[in-house]
Every structure is written in C-alpha cells, then in structure tokens.
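Dear colleague,

Please find below the structure that I am handing over to you, together with its sequence. My notes on what was found follow directly after it.

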Amino acid sequence: MKLLLQPKGVLAALLLLIFPAFYSPFAHASPSVLSEWNAPKPRHLPLLKSALQLPTSNEKQSDLWTPLDDQGWRPCVESTNSPPSLPEKSEGYLQVFLDGGLNQQRMGICDAVAVAKILNATLVIPHFEVNPVWQDSSSFMDIFDVDHFINVLKDDISIVKELPDEFSWSTREYYAIAIRATRIKMAPVHASANWYLENVSPVLQSYGIAAVSPFSHRLSFDNLPMDIQRLRCKVNFQALVFVPHIRALGDALVSRLRHPYKNGAPGASYLQESTDVIDKDSAGKFVVLHLRFDKDMAAHSACDFGGGKAEKLALAKYRQVIWQGRVLNSQFTDEELRSQGRCPLTPEEIGLLLAALGFDNSTRLYLASHKVYGGEARISTLRKLFPLMEDKKSLASSEERSQIKGKASLLAAVDYYVGLHSDIFVSASPGNMHNALRPCPGSDFLLVANKLILSAHRGTVASTLQLKQ
Ligand SMILES: *[C@@H]1O[C@H](CO)[C@@H](O)[C@H](O)[C@H]1NC(C)=O
Ligand SMILES: *[C@@H]1O[C@H](CO)[C@@H](O)[C@H](O)[C@H]1NC(C)=O
C-alpha cells in the first residue's frame, strides 16, 4: 500500500524494477500473476455478517418507502407571467461540441439552449464527441427525439438540425486542424451570461457563426436571469426525451421490476407487454442504485479498494497512462483520502450503507451501472445482501437489448430512464447522472454522500455508519 505514496518518479522506477513487463504495450495480452482480476474480498466482514443477520422491522420498511415531503422544493418549470418569446432576429448560429458521457452531454445541451437564448442565436443541434473512456459515437439524434426537442423549444429559440450550405465549412475537423476566428476556445468554467455577451456576440456579429469548444460546464449555475434558469429546466425535463426504442425498453424494465412474477421469463417481447393492463395496486417498489464504480473512477480516486497488490498496480498503471501523474489524490494516503470522503464507495460499502438505512433482502434493487470494476467478484457481496438485484441484462433478453448493445450512451440512457421511474434513487457518489436527475418530480431522492466512515469494531451496522456532510 505504501508503494502508492511514493513520489511518482520513484513509483515508476519501482514498478519498472519489480515488473519490467508492466509498461510494455503487450503486457495486457499475457495472462500473469499481475492480472487485476484477483478476486477482491469483502473488506468489512464483521459488518457484513451483522448486516446479514439484521432483523427487519416492518415499521422501518414502510418508513423507508414513504415519500419525503418536498421541503419547499418545487418543479423548476413553472408557468411564468412572461410567455416565451422568440427573438425577432437571429444574431447567427451557435455551435457546440460536447464531450463527456451521456449525462454531462445532457447538461451541456441545457447550457447550449440557455446560451443561444442569451445571445439570440440559432442553435445547431449539438455535436457529441466520442469519449475516450466510453467509446460511443451515438449522435444527438440516436439518443434523443430531435423533432420533439425542436418543437418543445420552438417559442424560445430557433434550432436547426444542420448548418445551411453557406456555413457547411464549420465542422469539428475544420476546428481541429488550425486556429480559427469563429472558434471560442477560452470560455471559462462557469462563465456568466455577460461573458457570452462580451465575447461571443461580437464573433456572431462578424461571422454569423460561433463554435464554442470546449463547452462542458461553461455556463454558471448561479446569477443568471430567472427566465434563463427556467429555460434550462424546460430543456432537461420537457424537451429532452429519449428516442422511442429507449423508452420502450425502459418501460419494459420498469414493468418487470414492479411485477416480477407477472411477466414471465425475459425474452417475452416488450412490445407485447406494453398493451397489458397493469394493476397499479399490486405494483412493487424498487430502488435504483447508481453505482459508479468503474476502472476510470477507481483509478482517478487513487484509493485502495482491497484488491491487493495486483489491483493497486493496475490502477497505478492506468493513472500513469491516462492522466500522466496528474492525479492530485496520489499525494495522500488511503486513510487520509477515506476520511476526507474522496473514495468512491465499493459495491460492498454501498450495500452496507443501504442495509444500515433499513433496506433488507426483500428489497428489489436495480443496478444502474456501466462496467463495475472487479466485475462479479465485487458485486457478489452486494448481491449477498440484496439477492433480488437486477440489471438490464437480467431483465431483458439479448434480442431486446440488441439496439443498445455496446453503446455506452444508450445503455446509460436506459438506466437514466429506469432511475427516473424508480421509487428511490440512490447515487453512490456524486456524479453527472444525479446532477441531471436531481430535481426530478415524482420520485424520492435519497442522496448519499461519499463521505462515509465505516468502523468495524462497534455494535450494529446502523450505529457504525456516519455520514459527514
Ligand atoms: C435579443 O433580442 C431582444 C429582443 O427580441 C433584445 O431586446 C435583446 O437586446 C437582444 N439581445 C442580443 C444579445 O442581441
Ligand atoms: C432474508 O434474511 C432473513 C434473515 O434476516 C432470512 O431468514 C431469509 O431466508 C432471507 N431471505 C433470502 C431470500 O435470502
């Protein structure tokens, strides 16, 4: 463990000394003792044992599912006195290139509509970059219903699917190869509305087009006019709906979660199911757990996850290759990181947390997740606590999943949809999915901070869990 705490030069030298093959490009091809799939073992065994023996009280169970009161929160898209108004004249075309995963792109779309409104510009349907981690080339139109999007916002801003011929030169490739006057490259993170008026309006006026890239997180959350904030909400909660096949699959998953014994084995076509009349009263409740525990996140946190030396080395290597040592956390010890709440919860830890909150082995859990780092070996502890755990694969046949197979954004879209229709959504660590889902009406949100202290030497699980804000 101390190995990771060495300055990175020393670490690299050590790694090379001990495992010279590690940095060779073919190292991953040879199965060896270095395989990172040494089964990670439960790290909190005494807690796990007591959690598995925890008696359940029906009273606590019904409390858990009771909707929280709104605490003054209201849906953000409320009718206003001033009706939406389309600017009399467009100042030009606004183009944005969005990186990140699906939910980061979703927030980027909300911001792009807001910026187009601020500038009186015509928005070009945003271009999605292929993310190096997720490797999905799905476009806006592959994921979202583009005609619905344009239609819902038609009184707020003008939107075009493509640039007119006179601007067809303004492509991603055009901006990739040289410095261009129409590219806005230096938008600061959380820029104000005024920043856009001062820096982007002149470009629109001179050239009739402005391409903002990078654009993710480039619009402030605060201090924007109320009508712009409402417009952002309208985009997130009304304008952005998934394409029909995502919604159909999502509805089928939700229905199978609520009626586990009704729908038979997966494989029955969900198209047939949608015509079933479903008895609302008998519907079971379910929790969606957004478990963000992929290799990328595990490596970036620089924490120790109990997978032993092989795992630590594998994560260190990943950090070295992807971030070239730019991970600030590497300078802290695992204990320091953990007490500062900087370590993502493992599936085991989130399972213990849910058990401590009162969920038991009768709780139906839907795992919303991309690849879990460590695979089934890591999920199995969670499954011990929650045997009724499902995911896309267990609930739908491969035929039903064929349209989303291998497409990270579409897979995430299905999870988002199921999360939106869940009774309780638990986010194991703050991320873009919960940011994008947050003020969702009709669903209880149980937000779980990642600042968790687990100490094994006290009584019950419940009393050993502390959440620090
Ligand atoms: C946008 O249009 C409105 C009128 O529709 C006008 O009052 C406002 O000044 C315009 N803003 C910009 C940046 O062009
Ligand atoms: C659930 O846990 C109880 C003990 O709390 C046990 O008796 C029961 O068999 C478990 N059910 C399943 C499905 O594991």
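In these notes, helices (H or I, at least four residues) and strands (E, at least two) are DSSP runs, numbered from the N terminus. Please bear in mind throughout that this is a predicted model.

Overall composition. The protein contains 21 helices and 13 strands. Of its 469 residues, 38% are buried. Among contacts with a separation of 6 or more, 78% are between residues 24 or more positions apart.

Alanine 302 lies in the loop between α13 (295-301) and α14 (308-323), and its phi is positive, near 60 degrees. Alanine 302 counts as buried because it has 23 C-beta neighbours inside 10 Å, the cut-off for burial being 20 or more.

The loop between β6 and α10 holds asparagine 223, a further residue other than glycine with a positive phi, here near 55 degrees. Asparagine 223 has 10 other C-beta atoms within 10 Å and is therefore exposed. Proline 214 is also found in the loop between β6 (209-212) and α10 (226-239). The peptide bond joining serine 213 and proline 214 is cis, with omega about 0 degrees.

Around ligand 1 are the residues Pro87, Glu88, Glu91, Leu119, Asn120, Leu197 and Ser201. By class, this shell comprises three nonpolar, two polar and two charged residues.

Asparagine 194. This residue is placed in helix α8 (residues 193-199). Asparagine 194 counts as exposed because 11 C-beta neighbours lie inside 10 Å.

A helix pair. Helix α11 (residues 244-258) packs with helix α19 (residues 408-420) at an angle of about 50 degrees, and their axes are 9 Å apart. That angle is why α11 is described as oblique to α19. The two helices form a right-handed crossing. On the α11 side, the contact is made by Ile246, Arg247, Leu249, Gly250, Leu253 and Val254; α19 contributes Leu410, Ala413, Val414, Tyr417 and Val418. Sorted by class, the residues of this contact are nine nonpolar, one polar and one charged.

Yours sincerely

Conventions. Residues numbered from 1 in each chain as written. Chains lettered and ligands numbered in written order. Predicted model: local features only at pLDDT ≥ 70, side-chain atom pairs only at ≥ 80, totals over all residues. Near = placed C-beta within 6 Å. Nonpolar A, V, L, I, M, F, W, Y, C, P; charged D, E, K, R; others polar. Axes fitted to C-alpha atoms, helices over the stretch in contact; angles between N-to-C directions. Parallel < 35°, antiparallel > 145°, perpendicular 65-115°, else oblique. Left-handed = near helix turned anticlockwise from the far one by under 90°. Contact = placed C-beta atoms within 7 Å. Buried ≥ 20, exposed ≤ 12 C-beta atoms within 10 Å, placed from the backbone.
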